Structure formats: structure tokens, C-alpha cells
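Have the sequence and the 3D view ready as you read.

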Amino acid sequence: MNFVMDAHIALVGLPGSGKSTIGRYLAKRWSVPFVDVDVAIEEHIGCTIREFFAKEGEPKFRDVEQEVLARLLSNPQKMVVATGGGAVLRPENRQQLMAYAQVVYLSASPHEIAKRLQRDTQRPLLQVDNPFQRLLDLHAIRDPFYKEVADFVVAGGGLSAAQVAQRVA
Ligand code: ADP
Ligand code: S3P
């Protein structure tokens, strides 16, 4: 389906909720560019996010994230944007998302996400003894922020990524 997008489509949700995977499907379906904010950040900092967290700490990462997100959202070329799971923590980012994008919250349970990310070692916030508990904590803190910025909430429980993308579309 080809149509003219008059705003960016931004995907928000916990790490592992499927923002990058589903964002790629949607961009292909709508023939618009796809941008993964995490990838844009890594291009900007010249190392992986994991390395940057270890070297510089989370507050500096959040500064870079805010700068990169604002730059991407100011692009007049409309695109599908997969945000990082913590982008909604800063009020400035929430304001930018609400002003410049149609926002879709990919809501997935911590239980389902923990299963998906069992073998993933690239997400610094989940490199802890009990990643499931960490996901529960992240969910408790962030779910209200995801809901605050969201124009749509899409639940993907038990669906494949392609089915979730279809539901979002
Ligand atoms: P995010 O960008 O939100 O961190 P990803 O798109 O990287 O999430 O997805 C994390 C992992 O979960 C990937 O291995 C991806 O293939 C898988 N995944 C994403 N969406 C689904 C889904 N609906 N069902 C099953 N696995 C999924
Ligand atoms: C983060 C999520 C990551 C990445 C960084 C911080 C978070 O993105 O931005 O590791 O705070 O939840 P994903 O949601 O794509 O894993």
C-alpha cells in the first residue's frame, strides 16, 4: 500500500517489544525510510551502545539519545522511527514525540519479552542476574509514559512480528 504520510510513525515500547522488527516491516509496506534510533546513536558515538554505557554511563547516553531523536524527528522526510525503550523517560523526548509523530506503543508482556531476549547480550539494562525482574521494574516505571505519548496501543501477545505489523498498519 502506498500513501502519503503526513507525520513520522514512531514506535515505543520496552526493549524487545519488537520496535525494530515491526518498524522495518511497516517501512517496507509503506515504502518510506526506516530509522532505528539506536543505530543512529551508534553512528553518532562511533561505538556500540553497550560500550558507551560502560564508558560514559547512562545519563550521558540519555543526552545523546535526546539530541539524536530531536534531529531525526525534525527531518521533513516522513519515516518510520524505532525509538530506544528508554526514550520516553525524558519529558523533552515525550514532548517531541507527541509533537512530530504518530506514536504506536507496542505493548508486550515482560514475560514474553524475557523469553525473546534470553540469548541477547547487547542490551545493557538487561545484563543483570534477573532480567525478568528488571523488565517488570522497567514496565512499572515506563508503561505510564508509553501510554502518555501513544496515539495507538497495539498488543502483540502471541502474535508473530508480521501479524503485529499487520495490526499496526
Ligand atoms: P526492540 O527493537 O523493541 O528492542 P526487536 O525488534 O529488536 O525489539 O525484537 C527483539 C527480538 O524479538 C528479536 O529477536 C525479534 O526477532 C523478536 N520479535 C520481535 N517481535 C516479535 C513477535 N511479535 N513475536 C516473536 N518475536 C518477536
Ligand atoms: C534502552 C533500550 C535500548 C537502547 C539502550 C537503552 C532502555 O533500545 O536504547 O540500551 O533504556 O530501555 P531497545 O529498546 O531497542 O533495546
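The shell around ligand 1 draws its largest share, three residues, from α1. Both α1 (19-30) and α8 (161-168) supply at least two residues each to that shell, where helices are DSSP runs (H or I, at least four residues) numbered from the N terminus. This is a predicted model, in which local features need pLDDT of at least 70 and side-chain atom pairs count only at pLDDT 80 or more, while totals for chains, interfaces and linings use all residues. Residues are numbered from 1 along each chain as its sequence is written, chains are lettered from A and ligands numbered from 1 in the order in which they are written, and side-chain values use heavy atoms, with hydrogens and water left out.

**Ligand 1**

- Around ligand 1 there are 15 residues, of which G16, K19, S20, T21 and R123 come nearest; a residue is near if one of its heavy atoms lies within 4 Å.
- By class, this shell holds six nonpolar, six polar and three charged residues (Ala, Val, Leu, Ile, Met, Phe, Trp, Tyr, Cys and Pro count as nonpolar, Asp, Glu, Lys and Arg as charged, and the others, Gly among them, as polar).
- A side-chain N or O atom of T21 is 2.5 Å from an oxygen atom of ligand 1.
- On its own, ligand 1 exposes 570 Å², and the protein buries 73% of that (Shrake-Rupley method, 1.4 Å probe).

**Ligand 2**

- Ligand 2 has 13 residues around it, and K19, D38, R62, G85 and R142 come nearest.
- Five nonpolar, three polar and five charged residues make up the shell around ligand 2.
- Oxygen atoms of ligand 2 lie 2.7 Å from a polar side-chain atom of D38, 2.8 Å from a polar side-chain atom of R123 and 3.4 Å from a backbone N or O atom of G86.
- The protein covers 95% of the 380 Å² of accessible area that ligand 2 has on its own.

**The loop at P124**

- P124 is found in the loop between α6 (110-116) and α7 (131-149).
- With a relative accessible area of 24%, P124 is partly exposed, a class between buried (under 20%) and exposed (over 50%), using a 1.4 Å probe and protein chains only.
- P124 and E58 are 66 residues apart along the chain, and their C-alpha atoms are separated by 9.7 Å.

Notes
Polar contact = N/O pair within 3.5 Å; in protein donor to acceptor, adjacent residues only side chain to side chain.
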